[in-house]
Amino acid sequence: LRTATANVRKAISTIIDRDFAANDILGGLGAAAATIVPSVAIGWDNTIAPRDYSIDAAKALMELAGYDYDDLAAPDADGKYTDFHFSIDVLSPNTNPARNDWAALVVETLPKIGIGVGEHDSTGWAEIGPRTWGYEANVTLANGTTVVNYNPPSYDDEGFDVLFVGYGWD
């Protein structure tokens with residue numbers, strides 16, 4: 001199972017078009033990222049290369065994880081599947097135009113490797129904090145519900161399956 005989940009994560013990483021993000025979203029002012037650590041930080045490793053963007057390579061990784069594309073109907077004209085191996089819910093901050101575009105790009109691309117997106121909630125940090133690393137023993141969510149013995153929840157419980165954050169997007 002550990003290898004399968006690692007291959008799914010690698011597949012998702014492989015469909016992130018880092019060159020597009022650096023050149024188009026960031027207007028040529030960025031570089032294709034390989035790690036979450038920026039080059040100016042302690043711990044940055046310049047020997048790690050960015051994963052090459054490839055829908056075919058991502059599909060191969062999904063197959064290594066045990067997903068069979070013969071189980072899905074053929075993709076549409078845009079290369080997106082309309083039925084999925086599984087679906088995820090995505091949470092992303094809406095506080096930076098580049099990160100908004102990057103998250104939307106990934107959400108738009110996931111169906112090309114058979115991963116559906118049930119919901120994409122682009123919201124502010126005040127909403128994200130209690131749903132992620134800012135949880136406390138008792139939390140009152142934005143909808144007024146108080147949660148006791150709060151642990152990081154699933155998306156169905158106002159949490160997330162995938163959280164997009166970025167380093168130095170401005």
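Q: Where does Asp 71 lie?
A: Asp 71 is in the loop between helix 3 (55–64) and strand 1 (86–93). Keep in mind that this is a predicted model.

Q: Buried or exposed, that Asp 71?
A: Exposed: Asp 71 has a relative accessible area of 59%, and the cut-off for exposed is over 50%.

Q: Which residues gather with Asp 71 in the patch of negative charge?
A: Glu 63, Asp 68 and Asp 70 gather with Asp 71 in that patch on the surface.

Q: Switching to salt bridges, how many does a search of the whole structure find?
A: The search finds one. The pair is Lys 80 with Glu 108, and their closest N and O atoms are 1.9 Å apart.

Q: Which parts of the chain does the pair link?
A: Distant ones: Lys 80 is in the loop between helix 3 and strand 1, while Glu 108 is in helix 4 (residues 97–109), 28 residues apart.

Q: New topic, then: where is the place of Thr 14?
A: Thr 14 sits in helix 1 (residues 2–14). At 3% relative accessibility, Thr 14 is buried.

Q: What does Thr 14 touch, not counting residues up to four places away in sequence?
A: Thr 14 touches Arg 51, Asp 52, Tyr 53, Ser 54, Ala 57, Ala 58 and Leu 61. As for Ile 55, its C-alpha atom is separated by 7.3 Å from that of Thr 14, with the two residues 41 apart along the chain.

Q: What about Asn 7, which residues does it touch on that count?
A: Asn 7 touches Leu 61, Leu 64 and Ala 65. Asn 7 is in helix 1 too, and is buried with a relative accessible area of 8%.

Q: Last one: where does Ala 21 lie?
A: Ala 21 lies in helix 2 (residues 18–25), and counts as buried at 6% relative accessibility.

Q: Which residues is Ala 21 in contact with, leaving aside neighbours within four places in sequence?
A: Those are Leu 26 and Trp 102. The C-alpha atoms of Ala 21 and Ala 98 are separated by 8.2 Å, and these residues are 77 apart along the chain.

Note on methods: Residues numbered from 1 in each chain as written. Predicted model: local features only at pLDDT ≥ 70, side-chain atom pairs only at ≥ 80, totals over all residues. Heavy atoms only, no water. Patch = residues over 30% accessible without salt bridge, like charges linked within 9 Å, V, L, I, M, F, W, Y side chains within 5 Å. Areas by Shrake-Rupley, 256 points an atom, 1.4 Å probe, with all protein chains shown as cover. Salt bridge = Lys/Arg side-chain N within 4 Å of Asp/Glu carboxyl O. Lys, Arg positive; Asp, Glu negative; His and termini not counted. Charge placed at Lys NZ, Arg CZ, Asp CG, Glu CD. Helix = DSSP H or I, 4+ residues; strand = E, 2+ residues; numbered from the N terminus. Buried < 20%, exposed > 50% of the residue type's maximum accessible area, 1.4 Å probe, protein only. Contact = heavy atoms within 4.5 Å.
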